[in-house]
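Hi,

Here is the structure I promised to send over. Have a look at it first, and then read on for what turned up.

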Amino acid sequence: MEISSETLLLYFRDRLGADIEGMDDTTPLFSSSVLDSFSIVEVIAFIEAQAGIKMDVWDVTLENLDTIERIKRYVQSKQV
Amino acid sequence: MFRRIEQHAQERPDAVALWQCFAGQEAQATTWVQLVALIRAYSLRLRVFASANDFVGLFLARSADCVAAMLACQEVGKTFVCLNRKLRPPQINAILQGISHASGDTAVPVLTDGPGLMTLASSPEPSSFIAKSRWRVIHDRTFLPPHQRAMDRLRAEQWLDIDMLEKEPGVICENDLRHIYWPSSPSPCTQGEDKSEGPDLPPRSLASLEQDSRSTCCLFTSGSTGQPKGVLIGHGDLKDRAIAETALFGINTGDVLLNVLPFSFDVGLNQLFTVLHSGCALVMLDSFLPADILKTAAQFKVTGISGVPALWLDMLNSGMRFDRTASHAALRYITLSGGDLCVRDMDRLAAMAGGAGIFKTYGQSETFRSSALVPHEFATGGIRRQSVGRPFAGAKFYIVRSDGSLAAAGEEGQIVHTGIGIMLGYLDGSEREGKLLPNPFQSHEDTSPMAIFTGDMGCVDADGYLFVKGRQDAMLKVAGNRIYPAEIAAQILVLPHVIEAEVLGIKSPDGQTEIVAFVVADAAGLSELGLRRELTARLPSYMVPRRVILLQRMPRTANGKPDRPALLQQLESMPYGNQQ
């Protein structure tokens with residue numbers, strides 16, 4: 001299943017208490033402290049549940065997780 | 001140190017000193033000459049922004065700006081205080097309070113950045129010393145609209161004195177600097193002016209302000225009590241540490257070191273100053289994820305990594321290792337600093353390093369480093385691998401009985417450190433727990449005037465290798481037996497599926513000491529009763545924990561050590577009869 005920007009943004013706002021105003025697909029999430037580093041485990045669990053994928057430990061990098069664009073790209077790559 | 005950096009800039013102006021890694025983006029390089037320019041620029045700004053202050057707080061991501069600000073503080077005679085990025089407003093407030101009381105400054109100057117603002121704005125209510133401080137924000141490419149809004153909120157709701165640092169005067173461009181060091185190179189910034197004088201820079205004699213006995217840096221350690229305490233480090237000592245570490249690790253200009261530890265932590269700070277002293281390159285990675293560390297180490301052909309147990313445990317538990325036949329061929333060494341691993345994990349660490357050398361180091365924020373076990377000693381395995389090695393260059397240690405006399409070989413006592421690395425004192429002027437005292441062993445061979453009574457217990461074998469038993473104040477007396485929690489934790493870690501264990505002694509209502517173990521395991525099938533049963537086969541009955549508490553993950557302090565106050569709090573919140 002695909003995962004939409006809106007789904008992610010609402011999750012960040014409602015469950016993780018992030019300020020999402022003006023945030024777009026390229027806004028850094030963890031490296032900017034918009035999300036704190038403790039949230040990463042929850043974000044991974046959310047992505048896995050939403051997209052029906054399992055994230056390999058080698059894939060758990062900021063390169064795959066630090067923006068909405070990268071999360072979407074990663075999810076797509078797992079579904080090909 | 002600034003002289004040394006200028007020297008690197010003159011010899012190899014375009015060699016990269018610092019790489020700042022951004023996830024998935026191009027890393028940002030800072031050459032030596034750019035670093036010199038940045039330090040000069042920060043020196044000028046600090047002269048205005050912090051003209052009347054002795055201390056400057058740095059609540060910054062590890063970046064070229066952060067490094068330049070640290071060195072600029074040294075240059076203009078201020079003591080810098082790096083605040084760990086993981087701290088929350090209550091700890092930041094406590095540190096600013098400590099600085100304010102020690103310096104007499106009501107408004108402590110602090111530099112921060114976008115992510116730092118997010119942390120400050122996360123506080124539900126204003127904290128008095130955060131509110132009293134003067135905050136200046138570095139506007140770099142990581143500054144985002146949410147950061148701007150956080151700044152606006154802090155100003156409007158918490159009345160913070162907060163502004164962009166760029167509004168302070170004093171910017172020098174790189175070409176100005178080239179013009180000074182290499183007068184033949186073009187200097188567009190000063191075109192049309194009389195070039196014989198150069199731009200208006202602070203006089204170089206400023207460097208002569210360097211006084212070895214002056215404090216240059218204050219490190220805050222969480223301490224075993226959980227109350228942060230400031231450790232003052234001397235200007236000359238920080239330099240000596242860098243020289244000693246350069247020699248220990250055999251660093252030369254071709255090295256590329258990977259930095260994952262904060263500069264607010266002595267191991268991270270020493271690594272940075274080793275780079276600045278030796279002229280090699282530092283890759284600053286702002287990620288704690290094992291896969292990021294491996295990828296970055298491969299990308300930059302990293303030769304050395306300073307790490308703490310928690311970092312390597314994460315790597316071991318995710319099943320990752322360095323591949324020295326291919327992508328990590330350049331990796332020469334890793335360090336295990338600021339804590340120890342159990343025997344089993346030490347073997348796994350050796351396998352993970354893939355043949356890269358392993359340095360084990362032992363020390364405290366108050367002492368820098370007392371001893372080091374070097375790779376060929378580590379590689380021999382056996383009992384020696386459990387030691388923390390022999391005295392470190394320029395340092396000495398003694399094992400002292402409770403009556404102050406020297407212990408015999410193999411006899412346990414308190415570890416007393418002398419020589420290189422001794423702190424100037426605590427920020428609050430106290431010599432807490434009688435830690436910093438005149439050296440009782442002063443002689444021709446040991447000229448150190450002061451000694452640190454570490455509070456760590458240990459013994460030395462016949463060959464001079466130091467074995468650390470645990471904290472003196474962690475030693476428990478249970479039914480008349482002397483017990484170190486670390487010994488019990490070591491046995492718990494041997495059990496299958498156990499990832500991490502921390503053991504504490506708790507006073508029970510009847511005044512007896514009770515052993516409680518906090519365990520993180522990777523399987524759901526483990527029960528507290530089952531674990532206790534297995535431990536009875538491995539420990540004398542008086543050492544078997546009365547309670548075993550299974551945790552999802554270990555709470556950690558900002559420096560990555562198990563957070564004991566948090567564990568105690570968790571225990572208090574649990575109904576007593578409920579644990580089994």
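How many residues does the largest nonpolar core have, and which of them have the most contacts inside it? Please keep in mind that this is a predicted model. That core has 181 residues, and the most contacts inside it belong to Leu35(B), Leu58(B), Ala68(B), Ala69(B), Val283(B) and Ala517(B). Helix α2 of chain B, residues 32-49, gives the most to the core, with 12 residues. Domain 1 (2-10 + 21-197) and domain 2 (476-578) of chain B both give residues to it, so the core lies between them.

Val283(B) is worth a click in your viewer. Beyond its neighbours within four places in sequence, Val283(B) is in contact with Trp19(B), Cys21(B), Val256(B), Leu258(B), Asn259(B), Thr296(B), Phe300(B) and Val302(B).

Next, a sheet in chain B. Its 3 strands form an open sheet in the order β25-β26-β27, with mixed pairing. Strands β25 (498-507) and β27 (547-551) of chain B stand at the edges with a single partner strand each, so one side of each is left without a neighbour in the sheet. From one strand to the next, the twist averages 25°. Strand β26 of chain B (residues 513-521) pairs with β27(B) in the parallel sense over 5 bridges; Phe518(B) has Ile549(B) in β27(B) as its bridge partner.

Two helices go with this sheet. Helix α15 of chain B (residues 485-494) packs on it, touching β25 and β26 of chain B, and its direction makes about 150° with that of β25(B). Helix α17 of chain B (residues 564-572) lies across β25, β26 and β27 of chain B, running at about 70° to β25(B).

Best wishes

Methods. Residues are numbered from 1 along each chain as its sequence is written. Chains are lettered from A and ligands numbered from 1 in the order in which they are written. This is a predicted model: local features need pLDDT of at least 70, side-chain atom pairs count only at pLDDT 80 or more; totals for chains, interfaces and linings use all residues. Two strands pair if DSSP finds at least two bridges between them. Helices (H or I, at least four residues) and strands (E, at least two) are DSSP runs, numbered from the N terminus. Axes are lines fitted to C-alpha atoms, for helices over the stretch in contact, and angles run from 0 to 180 degrees between N-to-C directions. Two residues are in contact if their C-beta atoms, placed from the backbone, lie within 7 Å. A nonpolar core is a set of buried Ala, Val, Leu, Ile, Met, Phe, Trp, Tyr and Cys residues joined through C-beta atoms within 7 Å. A residue is buried if 20 or more other C-beta atoms lie within 10 Å of its own, exposed if 12 or fewer, and partly exposed in between; C-beta atoms are placed from the backbone. Domain bounds come from an automatic or database domain assignment.
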